Amino acid sequence: MPAGLSYAAMRMASAIATLLVVSMILFAAVELLPGDPAQQILGINATPERLDVLREQLNLNDPIPVRYASWLWGMLQGDLGESVRTQHPVDELIGRPARNTAILAVTAFAAIVVVALTLAALSGVRDGTRTSSLISAASLSAVSVPEFIIAGILISVVGLELGWLPAVSLVPRDGTPFSRPEILVLPVISLSIVGGAYGARLIRAAVADAARMPHVQAARLAGLNESRVLIRHLLPSAIPTTVQVLAFMVPFLVGGAVVVERIFAFPGLGSQLVDRVALRDAPVIEAIGLIQAAAVIIGFQVADAVGFFASPERRTAG
């Protein structure tokens, strides 16, 4: 079997196995949440008889392995189950939040790409100069500040003090975040400052190494202008590392979006997850958790695949 196909099959098997293990951990973690789901659902209306009936309806009397197998089989068939709180299908409950989160994540990812590549190019090409030192110091400072602090500062200054942008990112009931694009600005900035700075620090080293390569030096000695050297000779040499770093931004966005969505009251999967944990709505929590885990696993797999196919040594060894 060709090395590429063998590697792809191996990575796919690894991703499936990892997702299976994550699903077990996720299911067990939800089961360990404090409190009795039936008791919480019925509240003051709980009686021993009603609790017994509800536990039977929710299959809470079945052993955990049996419930896990039933849940996983439903997931494989595309059946996400029903909310234990509202009895609505889970896919209906998380459909709009998933779309909102996808829009926020894609927009933030685009901003991170622009910020990371710009800062990496400016600092990497001018390695050792004052510009490079200033960018490195600024990037380190940005990486050191959590997203929730940046978000809080933006809300206080830009949203409340200056009133330039909405401090709360409310999506129109029958629309999408693009119906009011201004609500995306502060959340995207909160994510892209940290993500862009982190990506720039990692990509900068690849750009600096590429700038010292013989063919780049030869292009400069041949009299080509700096922009042409950068676009045609330097940046292509840094593409493998750049794509890997950007792929690693997916896990960052999955985690960061939960925090940012909550702070800005953005109706995405992160906000939905926090609300459902408080309600102990296990089917919704498990579905959202599995979606987020799948996104993270795909991000890591893409990063690893880029590193493999961009490295002749690894392909030969494979």
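Before the first stop, a word on axes: they are lines fitted to C-alpha atoms, for helices over the stretch in contact, and angles run from 0 to 180 degrees between N-to-C directions. Helices (H or I, at least four residues) and strands (E, at least two) are DSSP runs, numbered from the N terminus. This is a predicted model, in which local features need pLDDT of at least 70 and side-chain atom pairs count only at pLDDT 80 or more, while totals for chains, interfaces and linings use all residues. Residues are numbered from 1 along each chain as its sequence is written, and side-chain values use heavy atoms, with hydrogens and water left out.

**The whole chain**

Start with everything shown as a cartoon. The protein has 15 helices and zero strands. Its C-alpha atoms fill a box of roughly 85 × 60 × 30 Å along the principal axes.

Switch to a surface. Of the 318 residues, 38% count as buried. Here buried means under 20% relative accessible area, exposed means over 50%, and partly exposed lies in between (1.4 Å probe, protein chains only).

Contact means heavy atoms within 4.5 Å. Among contacts between residues at least 6 apart in sequence, 72% join residues at least 24 apart.

**Helices H11 and H12**

Two packed helices are described by the angle between their axes and the distance between the axes. Select residues 239-247 for H11 and 249-264 for H12; their axes come within 4 Å and cross at roughly 20°. H11 and H12 are therefore roughly parallel to each other. The scale is as follows: angles under 35 degrees count as roughly parallel, over 145 as roughly antiparallel, 65 to 115 as roughly perpendicular and the rest as oblique.

Which residues of H11 and H12 make the contact? Show Val245, Leu246 and Ala247 on H11, then Met249, Val250 and Pro251 on H12. The residues of this contact divide into six nonpolar, no polar and no charged. For that division, Ala, Val, Leu, Ile, Met, Phe, Trp, Tyr, Cys and Pro count as nonpolar, Asp, Glu, Lys and Arg as charged, and the others, Gly among them, as polar.

**Two positive phi values**

Most residues other than glycine have a negative phi, and most peptide bonds are trans. Go to alanine 265, in the loop between H12 and helix H13 (269-279). Alanine 265 has a positive phi of about 55° although it is not a glycine. With a relative accessible area of 37%, alanine 265 is partly exposed.

Next select arginine 280, in the loop between H13 and helix H14 (282-309). Its phi is also positive, near 55°, in a residue other than glycine. Is arginine 280 buried or exposed? Arginine 280 counts as buried, at 8% relative accessibility.

**Serine 83**

Select serine 83, in the loop between helix H4 (64-76) and helix H5 (90-125). Serine 83 is buried, with a relative accessible area of 1%. Draw a distance from its side chain to that of aspartate 281: a polar contact of 2.4 Å joins them. A polar contact is a pair of N or O atoms within 3.5 Å; within protein, one must be able to donate a hydrogen and the other to accept it, and residues adjacent in sequence count only if both atoms are side-chain atoms. Leaving out residues up to four places away in sequence, serine 83 touches His88, Val90, Leu93, Arg276, Asp281 and Val284.

Arginine 67 is in helix H4 and counts as buried at 13% relative accessibility. Apart from neighbours within four places in sequence, arginine 67 is in contact with Phe27, Glu31, Asn59, Leu60 and Asp62.

Move to leucine 290 in helix H14, which is buried with a relative accessible area of 14%. Leucine 290 touches Leu19, Ser23, Leu26, Trp71 and Met75, not counting residues up to four places away in sequence.

**Last stops**

Valine 216 sits in helix H9 (residues 214-221) and is buried, at a relative accessible area of 0%. Finish with alanine 205 in helix H8 (residues 182-211), which is partly exposed at 37% relative accessible area. From alanine 205 to alanine 121, C-alpha to C-alpha, is 9.9 Å in space and 84 residues in sequence.
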